[in-house]
Amino acid sequence: MNPLYKILSCSLLASCFAGIQAEAIVNAPYFSHITTQNGLSSNIVYSLFKDHRGYLWIGCENGLNRYDGYKIVSFHHNPMDSTSLCNGAVTGMSEDADGNFWIATSNGACIFNYATESFATVFNSEQRNTFCRNFYLTRKKEFFLVTAKGIYLYKKENKQFSKYFPSAI
């Protein structure tokens, strides 16, 4: 084999591997911590959710936080405001088939209105002597709320949750 051919082949092969290594360095993931010093409502986090708009929602022991990659907007429960978060402790979050953003708290479940940045309570767990854990969307587009005392199915026609599986979970 021609020595010049061997040198060119080795050089070409080496440049391919160097390109892969350089690309791996350029595309290395970046990680940073978000704390109360950055505006998070609490350092005790119960749940995380990324919505269809790209926001990272962080559910904490005393509020809900929306992070867009640059800043944090916090939402809190205010007993004097019926359009505020239905409770401070956010235990779970999800979106339904229509892209509505749902929040489960220890005292109920609410839905977020992006246009007004307000909440509407749709399930009061104090009235049912339970607390909400999370949501589940099935392949059939059925939307369920999981609580400590059973599973509830959301009915669009009357905009309410009805008992689906009456057992403690």
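1. Basis. The model is predicted, so to read it: local features need pLDDT of at least 70, side-chain atom pairs count only at pLDDT 80 or more, and totals for chains, interfaces and linings use all residues. Residues are numbered from 1 along each chain as its sequence is written, and side-chain values use heavy atoms, with hydrogens and water left out.

2. Salt bridge of R66. Two salt bridges turn up in a search of the whole structure; the term means a side-chain nitrogen of Lys or Arg within 4 Å of a carboxyl oxygen of Asp or Glu. One joins R66 to E117, with 2.9 Å between the closest N and O atoms. R66 belongs to strand 3 (residues 63–67) and E117 to the loop between strand 7 (108–113) and strand 8 (118–124), so the contact ties together parts 51 residues apart in sequence. Strands here are DSSP runs of E with at least two residues, numbered from the N terminus. R66 counts as buried at 9% relative accessibility, while E117, at 37%, counts as partly exposed. Buried means under 20% relative accessible area, exposed over 50%, and partly exposed in between (1.4 Å probe, protein chains only).

3. Salt bridge of K156. The side chains of K156 and D98 also form a salt bridge, at 2.8 Å from N to O. K156 is in the loop between strand 11 (150–155) and strand 12 (160–165), and D98 is in the loop between strand 5 (90–95) and strand 6 (101–105), 58 residues apart. Both K156 and D98 are exposed.

4. Aromatic pairs. There are 19 aromatic pairs in the structure. Rings of Phe, Tyr and Trp (its six-membered ring) pair if their centres lie within 6.5 Å; planes under 30 degrees apart count as stacked, over 60 as edge-to-face and the rest as tilted. F75 and F112 are edge-to-face, with 5.4 Å centre to centre and 70° between the planes. F75 lies in strand 4 (residues 72–75) and F112 in strand 7, so the pair ties together parts 37 residues apart in sequence. Both F75 and F112 are buried.

5. A second ring pair. F123 and F161 have ring centres 6.0 Å apart and planes at 90°, so they too are edge-to-face. F123 in strand 8 and F161 in strand 12 are 38 residues apart. F123 is buried, with a relative accessible area of 1%, and F161 counts as buried at 5%.

6. Cluster and charges. Ring pairs link F49, Y55, W57, F75, F101, F112, Y114 and F119 into a cluster. The charged end of R53 sits over the ring of Y114, 3.7 Å from its centre. R66 lies over the face of Y55, at 4.9 Å from the ring centre. The criterion is NZ of Lys or CZ of Arg within 6 Å of the ring centre and within 35 degrees of the ring normal.

7. The largest pocket has a volume of about 220 Å³, a volume being the space filled by probe spheres set on grid points, which are joined across faces, edges and corners. On a 1 Å grid over the protein atoms alone, a pocket is an open set of points where a 1.4 Å probe fits, with protein on both sides within 12 Å along at least five of seven lines; lining residues have an atom within 4 Å of a point. The lining includes Y30, F31, L48, L56 and Y67. Strand 1 (45–50) and strand 2 (56–60) are the elements that give two or more residues to this lining.

Technical notes: Helix = DSSP H or I, 4+ residues; strand = E, 2+ residues; numbered from the N terminus.
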